[in-house]
Amino acid sequence: MIGSLAFFLIKPAKSKDIFVYVVDSKKCIGCGSCVKACRAENHVPERKYRTWVERYVVTSNGELENIFVESPNGGEFGFGDLDVDENEILRAYFVPKLCMHCDKPPCVKVCPVNATWITEEGVVLIDKSHCIGCKYCIQACPYGARYFNHHEKVVDKCTWCYHRIMRGMRPACVTVCPTGARMFGKLQDEHIQKTLRERNIRILKPELNTRPKVFYENVGWEVW
Amino acid sequence: MTTTVVEGFVYPNHEVFWGVLIVIYPYFVSIITGMVTVYAIAEFWRKELKDIEKLVVISSLPFVLSALLPLLLDLGQPQRAFEIYLTPNFSSVMAVFGIVYLTELFTLLGEMWFLFRVDIVRMAQTESNKLLRLLYRILTLGVYDISEKAIKLDKKIIKILTGIELIAAWCLSYVSFLFGVVKSNPWWNTTILPVSFVFGGLAAGGAMVLLLYLAFTRAYGIERKPNIISTVANYAFYFMLAAFALETINTILYAYKEDIAWAVIKLASTELAVPLAIQVIGSLEALLFLKYVCYRCNLGKIDTPFIAIASVTILVVVFAMRWNMVIGAQLIDYSLRGFVSYTPPLWGREGLIAALGVLVAPFIMLPVVAYIFPPYERKLRAGL
Amino acid sequence: MKHVRRALVVFINILIILIVVIFGIKGLGEEVYPAIADKLFGVEGIYGTSGEQKEIIKKPVHAEGREYCSKCHEEIYRKSDQGKHNFDCQTCHGAASDHPKMRLKVDSSREFCLGCHKATIGRDNETIRVLHNWENHGKDRVCTACHDPHHPWFD
């Protein structure tokens, strides 16, 4: 209705300094340190994940690709062995996932009480003292980034460690990643600009037009 | 919620978040739409339905009031529910629906007042019970005018209010937009969803009117008129036919297009075998019985068992349709690689017992409303 | 007519009460219910900029960075800085939070080091030194018996 129309016409006041997150899947070894660090930093409740790691294994024994995906406990305690014939594996890699902090967030659009919004720096936050726990935003998020916090009875999600990035630090998951698979910084930062110039950079679910700000390198078509 | 992963890969945070309570909520809302549509048909087009006007209006009120119950039980923070009016986000369907709901509530109350005004004035003067008499006197707003002129003005205002109420009731189907705008969910993100929702609701409303007509005529000792039953059953038949056709078309389109959503929807259908069977078999049975009832009523004979069975079947079928729409679509997660199963818990705020309580709540409120605003002359009470 | 006028008056009064309640609660002040700010329609933070955003910024940080650890553990920092184990200390030691009140002891079993170095499907040889014969390499001993965890390579 009129509100949705306004959503298209009124653009959020954005500074030039928006934050951007880049994931290089080639460097991810599936150790799960990021998941553990996020849980410690943000007091994430059990069995819920603000960030998690998935493993994709694409095999072929002569016919078209078979794709196998798993994420045991979100990859927090590493990944186990697989009963897969090593010769059949075409490609196998780990993909860390987290809230995309979309530029056109579907979750912000559907919150009935304005408890979630996108800040000037491009971070999507939740106001826990106003959330009524209707869980509409969880239905709207295409990436599965939101969860219902059973202790506080409100919805919660990754905040890119807002309390850290506003102090000039990096999110906890980026800090502890041992291989540098996760990168974070302002759009104008040099290391971010360098990665964004690669041509195999892509986003997840582009057809939904959410304009996520987490970019993925070296992931196959089977990741969405 | 008890969600367990059945097959494939689902995102770690995935659960069935909207359970049986949120199935009941659109169910009640669509029943309201149906009942108000029958009332509008009685008011504007089918004068022979004049007798059931009061009945339908007072029966809509308990449903409108108890549509709030599942929401309050399901919210994580129900005490903050009023925030939808304090700090609304107008690009969210839920917030706009709050306003539509209020409009419907007020219009319904206004309609009831004008419809029953003559009765209220009379009962304020003749009622024996002290408390009820006080209530009626307050409701008259101090005006005891029941002259011809006043009654004619009342009838005009009722016509206007009915028009507004009809529009508001159809706007209540905006609740289906709540699901239709979620582009992340391939089951919900279809254009046909709101349309099939409306017709399902109209059918359920018609069935509810039939059931309530049977119940009230029994309770008040009124003779049943076959032409009323025939008309309402006819309308319910066509609404049900439309709903059934739309759902079938939707499924056929999905199956033909065979995009990625269809692969997982087909998988998750194993979980939904029972509601789907109820939907298909029940629809056909209800259509058959309704046509039979119409045929018999045109001959002047009323077959109560067939009417009851047909109405109850339609209500169950529409409930199954809502179950498929709400819970069925949450069984597939957005990784589109697996699905979960859902069993509602027994106890607790979101349990089956609570859901059962919500389902019977309107029927508990109905006798109270009917006592204060009797749809027919109180032959019973006069006889006591 | 009279009754219509009265009904209309009642209805408008109810509306007015509703509007007064809504704006009254909002006007209670920013701390309780922030009033409508310059932006509307859920795009810019109506509540966030005043309430929650300030709250979130004040939250305590639990895991400082590597440079913070070097203030006391200068030598270990320099040792590990020379090679591939120059990632954040908290990756193995856990979040700093209460340290030095809390000891940050690492699990020195084989399973811990194998958590990253074990050969499992999906690990890239170029990213990390994947141990393909992890069952036999250094059998029956912990890794730290031969490898210094902060300088595990041998020059």
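Why is helix 2 (residues 33-42) of chain A largely enclosed by the rest of the structure? In this predicted model, local features need pLDDT of at least 70 and side-chain atom pairs count only at pLDDT 80 or more, whereas totals for chains, interfaces and linings use all residues. Residues are numbered from 1 along each chain as its sequence is written, and chains are lettered from A and ligands numbered from 1 in the order in which they are written.

Helix 2 of chain A is largely enclosed because 8 of its 10 residues are buried, a residue being buried if 20 or more other C-beta atoms, placed from the backbone, lie within 10 Å of its own. Helices (H or I, at least four residues) and strands (E, at least two) are DSSP runs, numbered from the N terminus. The buried residues include S33(A), C34(A) and V35(A), and among the elements that cover the buried residues are strand 9 (182-186) of chain A and helix 5 (90-93) of chain C. After helix 2 of chain A comes H43(A), with a positive phi near 55°.

An open sheet of 3 strands in chain A has the order 3-2-4, with antiparallel pairing, where two strands pair if DSSP finds at least two bridges between them. Strand 3 (66-70) and strand 4 of chain A are the edge strands, each pairing on one side only. Strand 2 and strand 4 of chain A, which run antiparallel, are joined by 9 bridges, and Y56(A) stands opposite Y93(A) in strand 4 of chain A. Helix 2 of chain A packs on the sheet, touching strand 2 and strand 4 of chain A, with contact meaning C-beta atoms, placed from the backbone, within 7 Å.

How values were computed
A residue is buried if 20 or more other C-beta atoms lie within 10 Å of its own, exposed if 12 or fewer, and partly exposed in between; C-beta atoms are placed from the backbone. Two residues are in contact if their C-beta atoms, placed from the backbone, lie within 7 Å. Axes are lines fitted to C-alpha atoms, for helices over the stretch in contact, and angles run from 0 to 180 degrees between N-to-C directions.
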